[in-house]
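My entries begin with the whole chain and then turn to its parts.

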Amino acid sequence: MDKLAFLLRPKWLVLAAVVLAFAFLCFSVLAPWQLGKNTSTSARNDLIAQSVDADPVPISDILTADGISPDDEWRRVIATGSYLPDSEALVRLRSIRQQPAYEVITPFVIDGGPTVLVNRGYVLPVEGTRAPEFAPAPSGQVTLDARLRQAEGTSREPIEEDGRLQVYNINPEQIGAAVGVDAIDGYLQLDDAQPGGLGLIELPQTDAGPYLSYGLQWLAFGIMAPLGLAYFARAEIRERRNSRAEMARATSGEPDTEPVPDEEEEFTLPTRREKRARARAASRPTVPTDPRLADRYGKNR
């Protein structure tokens, strides 16, 4: 246990707390968040794919007491009734093909049924962010071909600008309270070439997105973080063991390191210059030693 006592020091305790908290967030918050988005995106894509091939049905056949069922979102319906053009609202801060836009919401009274909000489409702003003029909704009875949509949450309170009610989300409860109508939970989004239709809001792309890979990455990070902590702790234990061994050798008088054997001279091939020099030396004739020089300077000279 003495070998692991260093793990109780403050810096190691703080590091362990940070690593464990990060791993906990990866498994309990970050990974479920991305995997949940992947699940909801896949479910939305399935509903859109089913609605493309399905024939429209009367809206009265699928309305429930609570409004629109989540399983019926994007489904094509036919609604007959009349608009309430005096109770319109504009939805701010929308983006259509990467351009800022307004979406026009007009209440619609279904014949023999409740009131539902209708998203008539979009209009592009003029003079900066100022809402433009647009064609009013037709009066009298009309029949609409539209898609069911779930209500959005609320983020900010409605405002009044340029004489028009403007909101930030399509929420029937909030818009209905502001314009004085009792609308069901959910709304209709017009298809192309419908009475009162403006700029067509196209269906979203049905790709799965990167959410699954992001979720798996957070799971991997949650596993790698404790493993990294264990690796550094093991490295610290190994370093402490080596330090104790060196101190023991120094105390006993043993050399710190083993003798290193003499390195052999590295063999290298002769260069061209060395080869030519050796060839010239070998080709020189041997001159006999003059005996007189030997007598004067010695035989060994």
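**Entry 1, the whole chain.** I began with burial and found that 32% of the 301 residues of the protein count as buried, where buried means under 20% relative accessible area, exposed over 50% and partly exposed in between, with a 1.4 Å probe and protein chains only. I noted that this is a predicted model, in which local features need pLDDT of at least 70 and side-chain atom pairs count only at pLDDT 80 or more, while totals for chains, interfaces and linings use all residues. I also noted that residues are numbered from 1 along each chain as its sequence is written, and that side-chain values use heavy atoms, with hydrogens and water left out.

I then looked up the elements: the protein has five helices and nine strands, taken as DSSP runs numbered from the N terminus (helices are H or I with at least four residues, strands are E with at least two). Along the sequence I read the pattern α-β-β-β-β-β-β-β-β-α-β-α-α-α.

**Entry 2, strand β6 and its partners.** I asked how many of the nine residues of strand β6 are buried. For this strand, residues 141-149, the number is seven, and I wrote it down as mostly covered. Strand β2 (residues 76-83) pairs with β6 in the antiparallel sense over seven bridges, and two strands count as paired if DSSP finds at least two bridges between them. I found threonine 80 opposite threonine 143 of β6. I also saw that β6 and β9 run antiparallel and are joined by four bridges, with leucine 148 having leucine 188 in β9 as its bridge partner.

**Entry 3, strands β3, β7 and β8.** I followed β3 to strand β8 (residues 164-167), to which it is joined by two bridges, the two strands running parallel, and valine 91 has valine 167 in β8 as its bridge partner. Strand β7 (residues 159-161) runs antiparallel to β8, with three bridges, and there glutamate 160 is partnered by leucine 165 of β8. In the hairpin of these two strands, which has two residues between them, I noted that aspartate 162 takes a positive phi near 55 degrees.

Leucine 93 has a positive phi near 55 degrees, lies in strand β3, residues 89-96, and counts as exposed because its relative accessibility is 65%. Alanine 193 has a positive phi near 60 degrees, sits in the loop between β9 (183-190) and α3 (211-252), and counts as exposed because its relative accessibility is 71%.

Is arginine 120 buried or exposed? I found arginine 120 in strand β5, residues 115-123, and it counts as buried because its relative accessibility is 2%. The C-alpha atoms of arginine 120 and proline 195 are separated by 8.9 Å, although these residues are 75 apart along the chain.

I located arginine 241 in helix α3, where it counts as partly exposed because its relative accessibility is 43%. Phenylalanine 221 is also found in helix α3, and it counts as partly exposed because its relative accessibility is 35%.
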